[in-house]
Amino acid sequence: MASVVVVGTQWGDEGKGKIVDLLTRYADFVVRFQGGNNAGHTLVVDGKQYIFHIIPSGILYNDKTCVIGNGVIIDPGVLLTEMANLADKGLAVTPRQLLISANAHLIMPYHQRLDHARENALSREKKIGTTGRGIGPCYMDKVGRVGMKVGDLLDPTLFNDKLQAAVEEKNFLLTNQFNAEPVDQSAILDQFARYADQLAPFIGNVSVVLDQARKQGKNILFEGAQGTQLDIDHGTYPFVTSSNTIAGNACIGSGFGPCHIDEVIGILKAYTTRVGEGPFPTELPEGDAIGDTLQQRGHEYGATTGRRRRCGWFDAVVANDAVRLNGLTGFAVTKLDVLSGLKKLKIATSYSLDGASCDYMPENIRKARAVKPVYEEVQGWDSELTEVRSYGDLPKAAQSYLKRLEDLTGVAPAIVSVGPDREQTLLLRNPFAQ
């Protein structure tokens, strides 16, 4: 029996979905513990592509229980659409396969309206690059103790009372501060009554279920969204998401005791990408030949937004921040195959800031923008990696690259991905094999 947490180590889009899909083979429960539909997991299984925004990617296994924890914020319309899309592909989701925490919060139509209104009101240099899904406003209501919870759907009187108070406040902001259209309370009430009918069989107490599973010796896999540098407390604030993305939130966002976590695997892309605004020390500017190669070969477009991902060299400073903040016990290195054909590779081993060396991302956003990466250069390789199925068959230069990442971070790869498909993965150490 083991409990394993999987987190992103950079700015998200590291390939968590594929790694979670791989590790789900050994898990009984797969738990999503934070974020909302502002993040996406892309999986390629038997040549078919699946994109998930809310449902844990373990749903592709019929014999697993997928769990949406209290730390997740849920747009019920998006969730039900995902379920319908799976049903269309012959993968109907049942209450046996999916459990939703009654304590998870709901993204409401006024959250989305406010998200767009606030972002549009900002000047170009102050825009966060929000996805507009209502994530920030929903978390604001949660912290402000006026949020709507999934469990409220089961109590129409409570839901209506809370909705009436919320709509009155949000419409005042929308119309008076942002000069935007108000929302219609009765339309929302009708819409969410339909959602309640559809979702009621899936709602329950996640903490109790997971504790029972642990006591029964079940393997539990926790999957996070986004990446460490997008953490609301520890990331490049304010260019971050609205939740804690680091491993510690796996326990908070699911009601699972921290002493029961056995492994924390960090998903580490073999180079670095970022979507949206914010500091990115190793970024290769658009139009740079190598940056464009990484973008094209890696198909670097956001699964949620479709936006072009900014691409850059591997950043060991960012990786070491993730090691420290998450307590990583292993890496899953993804997209190593994208680097094939590059004769020389660069690794940022530290930053230079105002003439001094810096080995962590500065908390001050002005300084985070000002750092300059200090690079070392290593040998690349020509061979394509997509047919490689064992570590020993990797080119020596690729093995040396992985060893250098291990030396710089003190954490060894447990998994290496050499292509997008489920089978294009080298499992060097199974974190569930306790």
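Bear in mind throughout that this is a predicted model. Side chains of opposite charge can pair when their charged atoms come close, and a search of the whole structure finds 20 salt bridges.

Begin by selecting Glu 14 and Lys 16, which form a salt bridge whose closest N and O atoms are 2.9 Å apart. Glu 14 counts as buried because its relative accessibility is 1%, under the 20% cut-off, and Lys 16 is buried too, with a relative accessible area of 5%.

Next, select Glu 169 and Lys 170, where the closest N and O atoms of the salt bridge are 3.5 Å apart. Here Glu 169 is partly exposed, at 41% relative accessibility, whereas Lys 170 is buried, at 4%.

Then move to Glu 263 and Arg 429, whose side chains meet in a salt bridge of 2.8 Å, taken from N to O. This pair links distant parts of the chain, since Glu 263 belongs to strand S11 (residues 263–269) while Arg 429 lies in the segment after strand S20 (425–427), 166 residues apart. Glu 263 is buried, at 10% relative accessibility, and Arg 429 is partly exposed, at 33%.

For the last stop, which residues are linked with Asp 13 in a network of salt bridges? Select Lys 269, Glu 300, Arg 309 and Lys 335 together with Asp 13, and the members of that network will be highlighted in your viewer.

Conventions:
Residues numbered from 1 in each chain as written. Predicted model: local features only at pLDDT ≥ 70, side-chain atom pairs only at ≥ 80, totals over all residues. Heavy atoms only, no water. Salt bridge = Lys/Arg side-chain N within 4 Å of Asp/Glu carboxyl O. Buried < 20%, exposed > 50% of the residue type's maximum accessible area, 1.4 Å probe, protein only. Helix = DSSP H or I, 4+ residues; strand = E, 2+ residues; numbered from the N terminus.
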